[in-house]
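I opened this model to look up confidence, helix packing and aromatic pairs. My notes follow in that order.

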Amino acid sequence: MVFWYRLSAKTKPSIATTTGEIRCADFHETPFADESLGGVFFLESLCYSANLQGALRESFRVLEPGRRLVIIDGLLKRVDLRRHVSWLVRETCRNWAVPRFHGVQELLTAAQVCRFNVLQAKDISWSIVPSVMHSPWLIARRPLALMMR
């Protein structure tokens with residue numbers, strides 16, 4: 001489930017001219033009409049979808065023609081990870097209740113299959129380092145708790 005925030009603006013968006021609504025829905029099957037949204041934005045949420053193409057297909061369905069989909073999410077640069085790195089990724093997914101992290105190429109391919117034109121794909125890994133610094137602690141907590149029993 002994801003919370004959708006739908007905005008409508010009279011002119012340029014500002015606090016004074018913007019109204020909106022918040023709905024909770026499955027992002028594979030939203031309550032919005034075809035071609036009814038001026039934009040779709042996934043902020044660290046697409047990784048919670050086990051059906052990447054389904055989520056993108058639904059985004060394409062609800063977007064007005066020519067409007068944009070923006071995705072900011074954790075993606076794997078490579079899927080052929082070394083054993084220890086693979087374990088860290090699996091544990092991070094488990095701690096964050098994420099089925100798995102999608103690969104960059106997997107996302108780009110799924111976007112093209114769903115008829116999106118990819119305008120820009122940018123790696124911002126170093127920008128999110130502060131927010132993931134707690135991952136090693138979360139991963140280490142479980143084995144430490146078992147050893148302390």
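Confidence. I looked up the pLDDT of this predicted model. The chain has a mean of 80, and 77% of its residues reach 70 or more. I then went through the elements: helix H1, residues 52–62, has the highest mean pLDDT at 95, while strand S1, residues 2–9, has the lowest at 44. I noted that residues 1–11 have pLDDT below 50. That stretch still has 39 contacts in the model beyond near neighbours in sequence.

Helix packing. Two packed helices are described by the distance between their axes and the angle between them. I looked up both for H1 and helix H3, residues 104–113. The two axes come within 9 Å and cross at roughly 45°. H1 is therefore oblique to H3, as the angle falls between the limits of 35 and 65 degrees. I recorded the crossing of H1 and H3 as right-handed.

Which residues meet there? From H1 I listed Leu52, Gln53 and Leu56; from H3, Glu106, Leu107, Ala110, Ala111 and Val113. I sorted the residues of this contact into 6 nonpolar, 1 polar and 1 charged.

Aromatic pairs. How many aromatic pairs does the structure hold? I found 3. One of them joins phenylalanine 27 and phenylalanine 42. Phenylalanine 27 sits in the loop between strand S2 (18–25) and strand S3 (37–43), and phenylalanine 42 in strand S3, so the pair ties together parts 15 residues apart in sequence.

How values were computed: Residues are numbered from 1 along each chain as its sequence is written. This is a predicted model: local features need pLDDT of at least 70, side-chain atom pairs count only at pLDDT 80 or more; totals for chains, interfaces and linings use all residues. Side-chain values use heavy atoms; hydrogens and water are left out. pLDDT is the predictor's confidence in each residue, from 0 to 100. Helices (H or I, at least four residues) and strands (E, at least two) are DSSP runs, numbered from the N terminus. Contact means heavy atoms within 4.5 Å. Axes are lines fitted to C-alpha atoms, for helices over the stretch in contact, and angles run from 0 to 180 degrees between N-to-C directions. Angles under 35 degrees count as roughly parallel, over 145 as roughly antiparallel, 65 to 115 as roughly perpendicular and the rest as oblique. A crossing is left-handed if the near helix is turned anticlockwise from the far one by less than a right angle, and right-handed if clockwise. Ala, Val, Leu, Ile, Met, Phe, Trp, Tyr, Cys and Pro count as nonpolar, Asp, Glu, Lys and Arg as charged, and the others, Gly among them, as polar. Rings of Phe, Tyr and Trp (its six-membered ring) pair if their centres lie within 6.5 Å; planes under 30 degrees apart count as stacked, over 60 as edge-to-face and the rest as tilted.
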